[in-house]
Amino acid sequence: MESNKQYNSPFMATLTGIKSLFVQRERVGVITDRDRIDGKRVLITGASSGLGLATAKEMARLGAEVIMAVRTGIPAKGEEVKKESGSDKVHMQFVDLTDFDSIKNLVEEVKGKYGAIDILICNAAVVASTARKTKSGLEEMFMVNYLSTYYLVRLIIENKMMHVSLSSNPRIVIVNSESHRDPKVFDWENFGVFQSYTMGKTVQLYGYYKLLLATFARELSRRLNVDKTNCSVFALCPGPVNSNIAREAPAIFKPLLNVVFGIFFRSPKDACEPVVYLSASKDEEGKAFDYLFLMQRKDIDEKAEDRANGEKLWEVSEDLVNGLGF
């Protein structure tokens with residue numbers, strides 16, 4: 001898989017992330033009191049730590065009913081969100097994003113317990129130290145960082161779970177990464193094929209799966225919003241975040257990473273600002289698609305923007321999931 005230089009190693013990815021924080025950018029806006037989302041129902045994946053947990057707290061503070069879809073942290077993390085936000089409208093639902101059945105169960109339980117949702121925030125991600133097979137035979141990073149989002153969104157749409165109101169459009173917000181710009185090409189021939197790798201290739205693959213995710217977000221918007229905006233689809237890169245996403249880094253490097261992350265990377269509370277903005281801001285109402293890097297509006301990579309790539313990705317994703325019996 002060919003890639004550019006910015007994100008093809010852990011060192012270069014870290015350096016690029018640090019440099020990005022020192023670039024002056026024009027902000028798109030800020031969250032104000034008029035952006036409260038009282039009465040809105042929000043589903044957030046990967047909400048038990050880091051960016052997802054911080055986002056859950058902020059959405060609850062803005063008045064939303066928050067459903068935290070997590071693999072760990074039940075019920076402690078939900079109680080933490082309630083305490084810090086001052087809201088009791090916080091729920092937790094188990095999901096294992098490496099398991100199609102678990103994703104399907106999540107959708108069924110959310111629909112049965114709570115009904116339609118107004119905002120879906122696809123935040124979960126993993127950086128693995130080595131290739132691991134899911135029970136469906138897929139590679140874990142591919143499943144968690146891309147295919148689980150495709151499948152979750154597909155089920156939510158098929159079950160008509162995005163709440164449509166006269167006053168506002170539902171929103172799907174996908175946490176992405178500027179590393180989606182790094183891969184040079186799509187590897188359609190090996191799409192979904194399990195391939196072994198070690199830590200040396202992890203960052204490169206992470207960027208590739210983020211390219212798939214950005215391409216999916218753009219194609220999803222085109223499909224949902226043919227003649228008018230029916231459901232806003234937004235994507236963003238929060239910049240470098242001091243979270244536990246690098247928890248599988250070699251032990252010898254962890255002390256150094258902890259220092260670098262602590263000094264240069266932003267806290268999850270600060271880094272979740274573009275997630276919250278795209279989820280709640282009145283300024284985003286009615287838009288079919290948007291992409292933010294930190295709080296700056298940007299175009300996504302031209303490969304992700306290309307309609308032919310979006311149609312191809314949708315086709316191969318559908319064939320893969322259907323072929324696995326889901």
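Asp306 caps the N-terminal end of helix 11, with a side-chain oxygen 3.0 Å from the backbone nitrogen of Ala308; a polar contact denotes a pair of N or O atoms within 3.5 Å, where within protein one must be able to donate a hydrogen and the other to accept it, and residues adjacent in sequence count only if both atoms are side-chain atoms. The model is predicted, so that local features need pLDDT of at least 70 and side-chain atom pairs count only at pLDDT 80 or more, whereas totals for chains, interfaces and linings use all residues. Residues are numbered from 1 along each chain as its sequence is written, and side-chain values use heavy atoms, with hydrogens and water left out. Helices (H or I, at least four residues) and strands (E, at least two) are DSSP runs numbered from the N terminus.

The 17 residues of helix 11 (residues 307-323) should span 24 Å at 1.5 Å a residue, in agreement with the 24 Å between its end C-alpha atoms; the expected span is 1.5 Å times one less than the number of residues. Buried residues (under 20% relative accessible area, with exposed over 50% and partly exposed in between; 1.4 Å probe, protein chains only) of helix 11 include Trp314, Leu313 and Leu320. Their cover includes helix 4 (100-113), helix 5, helix 6 (199-224) and helix 10 (302-305). Just after helix 11, Gly325 adopts a positive phi of about 90°.

Strand 1 (residues 41-45) and strand 2 (residues 65-70) run parallel and are joined by 5 bridges, with Leu43 opposite Ile67 in strand 2. Contact means heavy atoms within 4.5 Å; axes are lines fitted to C-alpha atoms, for helices over the stretch in contact, and angles run from 0 to 180 degrees between N-to-C directions.

His180 is located in the loop between strand 5 and helix 6 and is buried, with a relative accessible area of 0%. A polar atom of its side chain lies 2.9 Å from the backbone oxygen of Ser177. Beyond neighbours within four places in sequence, the contacts of His180 include Tyr291, Asp301 and Lys210.

Technical notes
Two strands pair if DSSP finds at least two bridges between them.
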